[in-house]
Amino acid sequence: MSIQIKGVAELIAKLGKAAAVQVLEPPMQRGVYRLQRAMQEYPPAPRNSRYVRTGTLGRRWTTRIVRSSNGLTGTVGNNTVYGPLVQSSQFQARMHKRTGWRTDQWAVDKERAAIVADFERAIQAALR
């Protein structure tokens, strides 16, 4: 999944790539943290469940921002083996769908507007 940001080409044209990355990195950091927080929230435990949650899945969400010749890439992931079966929109097991576990697609859909708006504010401020 990805979120495309408009105005980046204009920002690069005005400031150059290195300065544009400096402008874009703070909203990128905030964006990956927004997604991470959304994924870390657990649904309520099913009624009558005797399973005791350890919190490991929530703690093992990670973020990473990489600068490259193509610009800036932010990544959110989980380093548990079972994470995709619980929270991946592509691989989520039926039982986790039924019990209300949020998916990566859900988080992107929920946070997309706020992330895009944050980038747009940063870009517009830099273009002034």
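Is Arg67 buried, partly exposed or exposed? Arg67 counts as partly exposed because its relative accessibility is 45%; the class lies between buried (under 20% relative accessible area) and exposed (over 50%), with a 1.4 Å probe and protein chains only.

The structure is a predicted model, in which local features need pLDDT of at least 70 and side-chain atom pairs count only at pLDDT 80 or more, while totals for chains, interfaces and linings use all residues. Residues are numbered from 1 along each chain as its sequence is written, and side-chain values use heavy atoms, with hydrogens and water left out.

**The whole chain.** Display the protein chain as a cartoon: six helices and two strands are present, in the order α-α-α-β-β-α-α-α along the sequence. Helices (H or I, at least four residues) and strands (E, at least two) are DSSP runs, numbered from the N terminus. Along the principal axes, the C-alpha atoms fill a box of roughly 60 × 25 × 20 Å. Of the 128 residues, 33% are buried.

**Arg67 and Glu25.** Select this pair next; their side chains meet in a salt bridge, 2.4 Å from N to O. Arg67 belongs to strand 1 (residues 61-68) and Glu25 to helix 2 (residues 17-40), 42 residues apart. A salt bridge here is a side-chain nitrogen of Lys or Arg within 4 Å of a carboxyl oxygen of Asp or Glu. Glu25 is partly exposed, its relative accessible area being 24%. The whole structure contains seven salt bridges.

**Arg34 and Glu111.** Glu111 is in helix 6 (residues 104-127) and Arg34 in helix 2, so the bridge ties together parts 77 residues apart in sequence. Arg34 is partly exposed at 30% relative accessibility, whereas Glu111 is buried at 7%.

**Glu41 and Arg102.** Glu41 lies in the loop between helix 2 and helix 3 (56-59), and Arg102 in the loop between helix 5 (94-98) and helix 6, so parts 61 residues apart in sequence are tied together.

**The nonpolar patch.** Finally, show the surface and select Val81, Tyr82, Leu85 and Phe91, a nonpolar patch with about 450 Å² of accessible area together. Such patches join nonpolar side chains (Val, Leu, Ile, Met, Phe, Trp, Tyr) within 5 Å, from residues with over 30% relative accessible area and no salt bridge; accessible areas come from the Shrake-Rupley method with a 1.4 Å probe. Leu85 is in helix 4 (residues 83-87).

Definitions and conventions
Patches are made of residues with over 30% relative accessible area and no salt bridge: like charges are joined within 9 Å, nonpolar side chains (Val, Leu, Ile, Met, Phe, Trp, Tyr) within 5 Å.
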